[in-house]
Each structure stands twice: as C-alpha cells, then as structure tokens.
Amino acid sequence: MSDIIDVSSFNRVLKDNVDFKTVFLFGEEEYLIQSAISGMKKMYLSPEGEQMDCCTLDYDNKNVPVNDLLTDIESNLMIPPWMSKKRIVIVKNVDLFQYNSGDKDFLDRGSRIFGNIPQESLLIFVAEKIDKRKKSTLSMFLKNGYVVEVNYMEEEKLALYIRKQLSKSGISIDEPSINSLMSRCDKKLRQVITEIKKLTLYCEGKGINSIDEKLIENMCPPDIRGTVFNITDAIGSGDVSQALIILDTLLKNLLVSKEPPIKIRAMFTKHIKQLICAKEIGNEREIIAQMKVHPFVAKKINNQARNFSMNSLLDLYARCGKVDADIKHGLMEERQGLEMLIILSAGAR
C-alpha cells in the first residue's frame, strides 16, 4: 500500500477480497471511478441496506473548514452498519489537498481518524485530480488503504474494447471506423458505451452485421478531433480557406447537435500540445509509447508535426492561451477566436 496504483490493479485488490479502510479514487475517467465504487458497494452493502449503510458527503466544491470536514467524516465513520458488512462513507467535491499538509494539527487529527476507522467502515474519497507533491496528505490514505489513479483507457485498449463489445452481437467494425468513434467520444468510456449500444440496436434492427465510417458519421456525434486533424492538414498544406470552410461546417454541425463551440477550441489547443510533444519525440513508435495514443493517431500527428517548426508550435500554443483569456474577458467572440487561431496557425508553418 505504498504507491499510487491504477484502476486495473485496484480491481484485482477487490477480486482478491483484500481488506482496507480507505481508498482515494482520482482521475479523468468518471465512468471507471463509478464502476469501482459500484464494485465496493456490491461487495460490502446488502441490497436492502444501501440507503442506511452508505453515506455520501458532497461539499459542492465549497471551501470547508478542515476541522468541520474531519468532524463530518469521523462522525459518519463511527456509525456501525445496520444490515451490511460495512458502512461506506463517500466524500466528494472537496479538495483535501488545499489544506496545508505541513499543518501538524491537520495531519495529527487526520492520521488519527484514518488510522482508527472501524473494521466495519470504509472511507472513499473521489476527486478529479490530486497534488502528488503533498506526500503527508497522501500517506494518510496509503497507510490505511489505496490511492488509485483512474485515467482514460489507452487508445489501443479502448479500440480492443469496442471491437469486443460489438463482436458479442456479431457485428464487425473496421479500424478507421473505430478511430472515428473514439474521436467523437473523446475517449470517454461512458459515451463510448452509449454509442456502442445505439449502433448495436440500429444494426440489429436493420439486419446489418458490419459498421463503416458512413454509419458512424450518420449515427454518432460530430467528430471534433477528426475535424481538427483535417483543419491542421489544410493549414499544413497552406490552404487557409479550406481550413476555414472545414471550421464553418463543423460549427454548423455543432449547432444541430447543441454542442458548445468551446469544445473545438479546447480540442485545437490539445492538438497543438500533442504536435509539440510529437515534434520533440520525433519517432512514431516512441510517440505511441510515450503519449499512449493509437498507432493511427501517432502516424498522423507525427506527419503533421513535420509541417511546423518547434518555435512556431510553442508560439501558437501561447496564442491559444491568449485567445482563451480574451474570450473569457469578453474581448473576442468564440468564432472570431477560432478563425484567428486558424489564420495564426497558417503563419506559424
């Protein structure tokens, strides 16, 4: 229990029935976090006892005095379970790492509470991110249980998952279609599962046993990442007008699907960051290993990175931040900001 582990390792802990008192789940993949919590509920709560034996303390990201927080946690952990093996206390939407990890009173009281959790109780903390530098705060969990990092599935694993899920219904899917589906869902597993269910129902209703890119295009959300790739391709070849036409088409599609245009800018900024990383790495195989992307994506970003100098990419990334600030301060509209970034990108080649 001395290191941060991934969700696969934690699932093995649950499978082996290892006993622990605390677990801190953090990361970007909300679906897998909820799956882990569901697994613990299934393990420790009786079907009739969840309402009485499971307590959720949701602080709605408000600033809570540390002593109030610790008192809430302690008082709820000390209540014995009524009908279940354990009482589960879930704490979310509060940043435990905002408190000074050098504060002796905070550490002493926190360590005492966490170390004296009854055998019949389990404390679960949930957060999007943590401050790994604050070792003293982390140690309160590591001494009594696990800290689990739950990130998005690597693209190769997610592609395999999609293929396996569809094959259960006798449906095949080619690699370009898988890449398109992952791109449209931005690797979020919950959204991927929703789209798989939708595609499966459609295929079963129409008697179709294979999925191609046309079906993905017609059935799934707009492909923001794929379109950003196309925009960057157009910029790389010096065709700014084509890049702006592609942007215009995507904005119209987003209007129909009621998706906010800010998603395009966020994806564009993320893509420029990927190009910077790819430019620095310079090797397709190493891009796959270090950036944890699908070979198809690695090949594309590696090829695109060759069209830009490192200095121009770094400057463009800084300009993405400037445009973001201008939009947030009401100095620029979203569409104007996107068009400016495309024009600036063309000048950055």
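Good morning, colleagues. Because the model is predicted, local features need pLDDT of at least 70 and side-chain atom pairs count only at pLDDT 80 or more, while totals for chains, interfaces and linings use all residues. Residues are numbered from 1 along each chain as its sequence is written, and side-chain values use heavy atoms, with hydrogens and water left out.

I begin with the salt bridges. A search of the whole structure finds 20 of them, a salt bridge being a side-chain nitrogen of Lys or Arg within 4 Å of a carboxyl oxygen of Asp or Glu. In one of them, lysine 86 pairs with aspartate 19, with 3.2 Å between the closest N and O atoms. This pair links distant parts of the chain, 67 residues apart: lysine 86 is in the loop between α4 and β4 (87-92), and aspartate 19 is in the loop between α1 (7-15) and β2 (22-26). Helices here are DSSP runs of H or I with at least four residues, strands are runs of E with at least two, and both are numbered from the N terminus.

Are these two partners buried or exposed? Lysine 86 is buried, at 5% relative accessible area, whereas aspartate 19 is partly exposed, at 36%. Buried means under 20% relative accessible area, exposed over 50%, and partly exposed in between, with a 1.4 Å probe and protein chains only.

A second bridge joins aspartate 186 to lysine 270, at 3.7 Å from N to O. Here the partners are 84 residues apart, aspartate 186 in the loop between α8 and α9 and lysine 270 in helix α13 (residues 262-281). Both are partly exposed, aspartate 186 at 22% and lysine 270 at 36%.

Most residues other than glycine have a negative phi.

I turn now to the surface. Patches are made of residues with over 30% relative accessible area and no salt bridge; like charges are joined within 9 Å, and nonpolar side chains (Val, Leu, Ile, Met, Phe, Trp, Tyr) within 5 Å. Asp174, Glu175, Asp212 and Glu213 gather in a patch of negative charge. Of these, aspartate 212 sits in the loop between β8 (210-211) and α10 (213-219). A nonpolar patch is formed by Met52, Ile79, Trp82 and Met83, with about 440 Å² of accessible area together. Its member methionine 52 lies in helix α3 (residues 50-53) and is partly exposed, at 40%.

Finally, the cysteines. How many disulfides does the structure hold? The number is 0, where a disulfide is a pair of cysteine sulfur atoms within 2.5 Å. Cysteine 54 is buried, at 14% relative accessibility, whereas cysteine 277 is partly exposed, at 31%.

Thank you for your attention.

Key
Areas by Shrake-Rupley, 256 points an atom, 1.4 Å probe, with all protein chains shown as cover. Lys, Arg positive; Asp, Glu negative; His and termini not counted. Charge placed at Lys NZ, Arg CZ, Asp CG, Glu CD.
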